[in-house]
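Let's take a walk through this protein together, one corner at a time. Keep the 3D view open and turn it as you read.

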Amino acid sequence: MTIDIKVPTLGESVTTATVSKWLKQPGDAVNADDPIAELETDKVSVEVPAPQAGVLGAHAVKEGDEVEVGTVLTTLTPGAGGQKAAPAATSPAKPAPAAAPAPKAAAEAPAETDYDVIVIGAGPGGYVCAIRAAQLGFKVACVEKRATLGGTCLNVGCIPSKALLQQSENFHAAKDEYADMGIIIDSVKLDLAKMMARKQSVVEANVKGVEFLFKKNKVTWLKGTGKVEGTGRITVDGKPVTAKHIVIASGSDSAGLPGVEVDEKQIVTSTGALELSAVPRKLVVIGGGVIGLELGSVWHRLGADVTVIEYLDRLVPGTDNEVAKTFQRILTKQGLKMKLGHKVTRAEKNAKGVTLTVEPAKGGAAETLEADVVLLAIGRTAASKGFGLEEAGIELDKRGRIVTDAHYATSVPGIYAIGDVIAGPMLAHKAEEEGVAVAELLAGQAGHVNYGAIPAVVYTWPEVATVGKTEENLKEEGVSYKVGKFPFTANGRARAIGMTDGFVKVLADASTDQVLGVHIIGPMAGELIAECTMAIEFGASSEDIARTCHAHPTLSEAVKEAALDVDKRAIHI
């Protein structure tokens, strides 16, 4: 009597798998629970065990075949296991058909691996993925070429920029605002070197924190540059390393602009703008997006004359139009100069600074602008070069991003990608969510990211925060909606702290009242947006927010009042 060995249940919503490798051959004697075949899904790699001791029959499927749950893989004749069975007296079974040639990368998958999961890149997406995978029981390594962990975000991006933003805000308040509150400071001086030193101490505390978390969770840090060789194989500075699963989290780089050559001294990216040794007399920012406005605000508060040049006729593309217009008006009132609808075609460095050639985006006469320092901040591009991706057969799109399916799988089996190097908003928290999702998918869990509930924040003052759909989105999609708004001028806490610029705007479905989007410009917008993100995540209505008790006096009451205003029943306006 023989026993059929079938494809087991593979997890929630998973119905098919690929036979990646036969671990035992026809005629082999096996013991109970000996692995006999390895199956690969877009979520997890599974070994199929022998149900009891016995001798295996012929393979019913071959390596590379896609099989459904319940498909017979082979048979088992119960009996003593642990040794090779003697040849049968009858004619040998007809051998299984030869496997069709597999892609090079898949054919080279190692039978034994150094790690279960290797993550390339230790930025927010990569280090979070590595830690979550380790929590789930995987043996994990993370490849990082920097001397410190944390990637661009912790080293030369999110964290140092927020430190400087806070420090510059404090300096500006002490110099220009405290007197109105009855706090008289006779002399306020800037010690830029000390300010930069504090910024660096914040960075060091964060990156050391990640290193501690790696040790706590037993994640191995492979120091060097990772290069993908194929399924299950990479090299780190030329040294081979293997894993069952590879996750690429290589992040992004600052985008370049023809005619503008970066030297990180006179013409800088965000990296150089965080390390200036003196406040520039004139700073020109190329790009009216998040990075340009945040760093432009820092240096403006510290004394620089700042001009922002933006190709489009508005700031922060993708945000709600009404918010963008209010934002531009407030920043202009603060003293930032705006040159919208213009482009930079050339930058010439000289002993005195930089001369920029600027033209209207729609055509027209060119003009020149002089600057001590130019900040190039027109966006970021996927960091997909130099990792051997194309050589390994990994598909990239026209923008150089790695193409993935709904489960972050690339075109090469066993290799996944997350964060800035794939499509979607280039946000650290988006990468973190994807890192958790892919780790859980590899463990057979239902990892998932709701891309309709990813908040975005501009950390200027006032802050701008947004989640969900804008009015422009809803109009394009033909969705009928209602609007509720509430200004911070009518909020008691905002008046008490002297920060009344801006408003909260709630968009809700006209029929169901479900919250579709929330847009905030004002004090602590980045903190207030969390409540709104949760509302969208749980499918809440504006009524749900409106009937939730908010502490008084708090800025969050503006969110409640905006939700009340969806039905035109705000109390305090």
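Find Lys485: its charged end sits over the ring of Phe503, 4.8 Å from the ring's centre. To count as sitting over a ring, NZ of Lys or CZ of Arg has to be within 6 Å of the ring centre and within 35 degrees of the ring normal. Lys139 does this too, with its charged end over the ring of Tyr115 and 5.3 Å from the centre. Before going on, keep in mind that this is a predicted model, where local features need pLDDT of at least 70 and side-chain atom pairs count only at pLDDT 80 or more, while totals for chains, interfaces and linings use all residues. Residues are numbered from 1 along each chain as its sequence is written, and side-chain values use heavy atoms, with hydrogens and water left out.

Now for the strands. Strands of a sheet pair through backbone hydrogen bonds, either parallel or antiparallel. Here strands (E, at least two residues) and helices (H or I, at least four) are DSSP runs, numbered from the N terminus, and two strands pair if DSSP finds at least two bridges between them.

Start with the open sheet made of five strands, in the order 26-27-30-29-28, with antiparallel pairing. Strand 26 and strand 28 (481–487) are its edges, each pairing on one side only. On average, neighbouring strands in this sheet are turned by 10 degrees against each other, direction ignored; the axes behind such angles are lines fitted to C-alpha atoms (for helices over the stretch in contact), and angles run from 0 to 180 degrees between N-to-C directions. Strand 26 and strand 27 run antiparallel and are joined by three bridges, and Val457 has Ala465 in strand 27 as its bridge partner. What kind of peptide bond joins Trp461 and Pro462? A cis one, with omega at about 5 degrees. Pro462 itself lies in the loop between strand 26 (456–458) and strand 27 (463–468).

There's another cis bond to look for, running from His552 to Pro553 with omega near -5 degrees. Pro553 is in the loop between helix 13 (542–546) and helix 14 (557–565).

Strand 21 (residues 354–360) pairs with strand 22 over five bridges, and Thr357 stands opposite Thr368 of strand 22.

Now look for a run of hairpins. Strand 12 (residues 226–230) and strand 13 (residues 233–236) run antiparallel, joined by four bridges, with Gly230 opposite Arg233. They form a hairpin with two residues between them, and Gly232 in the turn has a positive phi of about 80 degrees. Strand 13 then forms a hairpin with strand 14, again with two residues between them; Asp237 in that turn has a positive phi of about 50 degrees. Arg233 turns up here too, standing opposite Thr242 in strand 14. For another positive phi in a residue other than glycine, check Lys218, where the value is near 60 degrees. Lys218 is in the loop between helix 5 (192–216) and strand 11 (220–223).

Last stop: empty space. Rolling a probe the size of a water molecule over the atoms shows where empty space is left. On a 1 Å grid over the protein atoms alone, a cavity is a set of points where a 1.4 Å probe fits but cannot get out, and lining residues have an atom within 4 Å of a point. Grid points are joined across faces, edges and corners, and the volume is the space filled by probe spheres set on the points. The count comes to one cavity of 30 Å³ or more, and the largest cavity has a volume of about 30 Å³. Its lining residues are Ser254, Ser270, Ile291, Leu376, Ala377, Gly379 and Arg380.

How values were computed. On a 1 Å grid over the protein atoms alone, a cavity is a set of points where a 1.4 Å probe fits but cannot get out, and a pocket is an open set with protein on both sides within 12 Å along at least five of seven lines; lining residues have an atom within 4 Å of a point.
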